[in-house]
Each structure stands twice: as structure tokens, then as C-alpha cells.
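Thanks, everyone. Let's get the structure on the screen and walk through it.

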Amino acid sequence: MKTVENFIFAEDIPEKADIIFVPGNGYPEMAEHAARLYREGYAPYILPSGKYSVVMGHFSGVLSQKAVYDGNYDTEWEFLKDVLVHNQVPEEAILQEDNATYTYENAIYSRKVTDALGLKINKAILCCKSYHARRALMYYQKLYPDTRFYVCADSPDGITRENWKNTEEGIQAVTGEVTRIIHQFQLML
């Protein structure tokens, strides 16, 4: 089980970077973390990414802190942008990618955005969910092979490296990630 934990739960201490990536989701915690890092001077840009889940076919809605983030959002990007603005990130520092419908597309379309803007990404911070970290990192590394990534993960649903094996929900989440990595790795070849 330690091997699974060490693989799935990627985590780094952040360093100054060229950009902060936030893959699409309905939790505000990752974007709030990105906003803190931005305010602390870790990167000049944040690129939240996402339209909605390909499975759902629409934005599934805000999954926590609904009283704080109570807007009517059509896309994950709109929601994440609102979280960032609400947390004192100026709009000019927030880049836009609102077409992705799954994690690999988050990376693919984010690369298109940074290329179109002529941004050279030598170092990047990736703010994502704790047990989603390895898969997100793999995809972003595939699209940014020359970039050093620093994963800054959050656990908005309470599933962590320390407790995932204590509940059925945690076991399903983590083993589901392992399965998705195995199946989706074929997409990357």
C-alpha cells in the first residue's frame, strides 16, 4: 500500500514558477491554493482549465463552499476564475482555457493557450486534488516535457495519503485513479 500512496499522492514544496495550472473541477480549494501562491509571488499567471466533465455533459456544479461561490457557472473555467477573483487574483493574471472535458484535455488545451501567448514554461506549479495528482502530473508532463513541475495538492473531500485506506470512499477513489492511469496511459502513447 505504501507504493500506491507514494505513486498516487505526488506532492512538492513549491518554487517560483512561470505559471500555476489548475485542472478543471468543481471544488474551490485548489483554485484558492493557487490564489495564495499567486499572492505570495510564486508565479505571474494562473491558468484554470475546463469546460465540464465529458461524462456529465455539463458543469456539475460547486462541490464545496456553495455559500461563498454561489454564481451560475456554465463551465469549470468560469467557476475557477470566480474563485481566483474572489481571492484577490487580478483578472489580467488569469488565463483562459474553457474547452477541456477531461484531464488529458486540460493539459492539451493549456499547452495551446501558453503557446498562443508565446509563454515559455520552464517551471510550473500544478494545483490539483491529492489523489488526482499523479494522473494530472503525467498529462501535463507529457505536454510540457521540458518543464519542471511542482505539485501542490489539496484534499477538499478529506481523502489524504494518510487516511485513504480507512474508508470505502477513499479506497475507491485511490484504486480508481490507479485504474484510470493504467487505461488512460494508452492515450498518451
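Start with N25. It sits in the loop between β1 and α2. One reminder before I go on: this is a predicted model. Is N25 buried or exposed? N25 has a relative accessible area of 13%. The cut-off for buried is under 20%, so N25 counts as buried.

What does the side chain of N25 meet? One of its polar atoms lies 2.8 Å from the backbone oxygen of P23. A polar atom of that side chain is also 2.7 Å from the backbone nitrogen of Y27. Leave aside residues up to four places away in sequence, and N25 touches M30, F59, E76, F79 and L80.

Next, helix α2, residues 29-39. How many of its 11 residues are buried? Nine, so α2 is largely enclosed by the rest of the structure. Here is the list: E29, M30, A31, E32, H33, A34, A35, L37 and Y38. M30 is the one to remember, as it is also touched by N25. The cover over these buried residues includes β1, β2, α3, β3 and β4. After α2 comes G41, with a positive phi, near 85 degrees.

Look at β3 and β4. β3 covers residues 123-129, and seven bridges join it to β4. Within that pair, A124 stands opposite F149.

On to charges. Side chains of opposite charge can pair when their charged atoms come close. How many salt bridges does a search of the whole structure find? Eight.

Take K123 and E15. Their closest N and O atoms are 3.5 Å apart. K123 lies in β3, and E15 in the loop between α1 and β1, so the pair ties together parts that are 108 residues apart in sequence. K123 is partly exposed, at 31% relative accessibility. E15 is partly exposed too, at 38%.

Now R135 and E177. This salt bridge has its closest N and O atoms 2.8 Å apart. R135 is in α5 and E177 is in α6, residues 168-188, so parts 42 residues apart in sequence are tied together. Both R135 and E177 are buried.

E177 has another partner. R180 also meets E177 in a salt bridge, at 3.2 Å, N to O. R180 and E177 both lie in α6, three residues apart, about one turn of the helix. E177 has a relative accessible area of 2%. R180 is partly exposed, at 33%.

Over to you for questions.

Key:
Residues numbered from 1 in each chain as written. Predicted model: local features only at pLDDT ≥ 70, side-chain atom pairs only at ≥ 80, totals over all residues. Heavy atoms only, no water. Pairing = 2+ DSSP bridges. Helix = DSSP H or I, 4+ residues; strand = E, 2+ residues; numbered from the N terminus. Buried < 20%, exposed > 50% of the residue type's maximum accessible area, 1.4 Å probe, protein only. Contact = heavy atoms within 4.5 Å. Polar contact = N/O pair within 3.5 Å; in protein donor to acceptor, adjacent residues only side chain to side chain. Salt bridge = Lys/Arg side-chain N within 4 Å of Asp/Glu carboxyl O.
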